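The sequence and the structure come first, and the description follows.

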Amino acid sequence: MAVTTVKTRTRARDRAGQAPARQEAKRAALPLGTILRGDCIESMRSLPDASIDMIFADPPYNLQLGGDLNRPDGSHVDAVTDQWDHFDSFAAYDRFTREWLTEARRILKPDGSLWVIGSYHNIFRVGAMMQDMGFWILNDIVWRKSNPMPNFRGTRFTNAHETMIWASMGEKARYTFNYRAMKTLNDELQMRSDWVLPICSGPERIRRNGVKAHPTQKPEALLYRVMLATTNKGDVVLDPFFGTGTTGAVAKRLGREWIGCEREEDYISVANERIESALPLDESALTTMQSPRSAPKVAFGQLVEAGLIPPGTKVFDKKRRWTATVRADGSLAHEKQVGSIHGLGKDLQGAPSCNGWTFWHMENEGEIKPIDAARQLYLLATED
């Protein structure tokens with residue numbers, strides 16, 4: 001019995017040691033930074049199982065538009081009239097959706113996630129299929145367009161939003177969510193599920209010969225938020241409906257790897273040119289606020305040791321009611337009271353608790369900041 005146990009544990013250690021190697025082999029087999037030409041389903045079939053961290057999909061909306069759409073002044077509206085958005089029936093669209101979702105599920109890692117964006121024409125059909133296939137919906141995000149196109153015919157409400165479904169691989173599956181980064185991005189308020197962002201226009205809207213290069217080009221701000229929220233630096237992002245390359249351009253900026261699938265040669269040409277000119281953010285800009293659960297623990301004394309807040313520094317609360325002196329061991333002294341940054345702050349206020357990182361402030365070169373700013377500098381300096 002003892003021998004069997006030892007062998008089982010040995011095999012378990014072997015499997016654990018092989019897992020990173022297998023993942024590296026899968027990653028090496030991926031066509032990173034490449035647009036796979038042709039049908040997205042066939043392209044996805046060429047990718048290894050469980051090799052992708054996140055998929056962002058902007059599939060055909062199956063708008064079923066008929067006839068031309070004109071503004072009140074008679075000018076033509078550039079709508080989605082391309083062949084790639086035409087399906088013979090809902091059943092045909094559903095077959096197509098089920099096939100690409102099947103491949104998406106196969107290539108996503110167990111802790112990966114899927115984003116799908118759509119309109120009322122298709123998003124409910126897609127969402128139902130996702131649930132039937134075992135995906136677990138985490139949020140539906142409403143992208144509310146701050147500058148939507150009016151309803152020129154005046155026959156119904158202006159379509160001012162699109163819906164994004166964010167899903168994990170299952171109810172119990174782990175997934176990436178950079179909560180702290182989202183809160184920081186939103187001025188220290190929890191990020192809500194309604195995002196007000198303008199549609200793609202102005203210099204960002206890519207045109208060829210005065211005509212939109214793609215009728216449904218998504219704004220980079222939308223993909224920026226999606227990627228910052230649900231991926232980490234170095235993660236692999238796949239876009240099966242790559243279009244003019246918004247996903248690739250944003251991934252490059254944020255230090256993520258990308259793979260695209262696209263069958264329209266005109267779009268591929270535009271996307272390659274666009275991504276080539278995209279500038280990645282520098283290393284310090286890429287470092288985002290981490291959640292308390294994942295952030296490395298830093299003791300105040302480490303900052304004292306590192307010289308970021310040297311002994312003798314005067315710290316004070318925001319209203320300057322109390323001033324304390326930093327001591328060599330990382331404690332604070334106020335008159336006859338001595339304690340940690342948290343303990344002394346709590347005692348002085350007569351409060352049940354105190355977050356000393358945000359309670360205590362210091363002045364540096366004429367600028368007043370909470371001592372937590374020094375902690376963030378320390379984390380940046382010591383990051384691997």
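This is a predicted model: local features need pLDDT of at least 70, side-chain atom pairs count only at pLDDT 80 or more; totals for chains, interfaces and linings use all residues.

Two strands count as paired if DSSP finds at least two bridges between them. Asp239 has Gly260 in S10 as its bridge partner.

**The chain as a whole**

The chain has 384 residues, of which 42% count as buried. It contains 13 helices and 16 strands. Its accessible surface comes to about 21100 Å², and carbon and sulfur atoms account for 50% of that surface. Of the contacts between residues at least 6 apart in sequence, 67% join residues at least 24 apart.

**The sheet of eight strands**

S9 and S10 belong to an open sheet of eight strands with mixed pairing, in the order S1-S10-S9-S2-S3-S5-S4-S6. At its edges are strand S1 (34-37) and strand S6 (194-197), each of which pairs on one side only. From one strand to the next, the twist averages 20 degrees.

Which strands does helix H4 (residues 123-132) lie across? They are strand S3 (108-118), strand S4 (136-145) and strand S5 (161-168). Helix H8 (residues 265-277) also packs on the sheet, where it touches S1 and S10.

**The sheet of six strands**

Another open sheet is formed by six strands in the order S14-S13-S12-S11-S15-S16, with antiparallel pairing. Strand S14 (337-339) and strand S16 (367-370) are at the edges; each has a single partner strand, so one side of each is left without a neighbour in the sheet. The twist here averages 35 degrees from one strand to the next.

Within this sheet, strand S11 (residues 314-317) and strand S15 (residues 360-364) pair in the antiparallel sense over two bridges. Asp317 has Trp360 in S15 as its bridge partner. Helix H11 (residues 341-349) packs on the sheet and touches strand S12 (323-326), strand S13 (332-334), S14 and S15.

**Helix directions**

| Helix | Strand | Angle |
|---|---|---|
| H4 (residues 123-132) | S3 (108-118) | about 165 degrees |
| H8 (residues 265-277) | S1 | about 175 degrees |
| H11 (residues 341-349) | S14 | about 140 degrees |

How values were computed: Residues are numbered from 1 along each chain as its sequence is written. Side-chain values use heavy atoms; hydrogens and water are left out. Helices (H or I, at least four residues) and strands (E, at least two) are DSSP runs, numbered from the N terminus. Axes are lines fitted to C-alpha atoms, for helices over the stretch in contact, and angles run from 0 to 180 degrees between N-to-C directions. Contact means heavy atoms within 4.5 Å. Buried means under 20% relative accessible area, exposed over 50%, partly exposed in between (1.4 Å probe, protein chains only). Accessible areas come from the Shrake-Rupley method with a 1.4 Å probe; for residues, only the protein chains shown count as cover.
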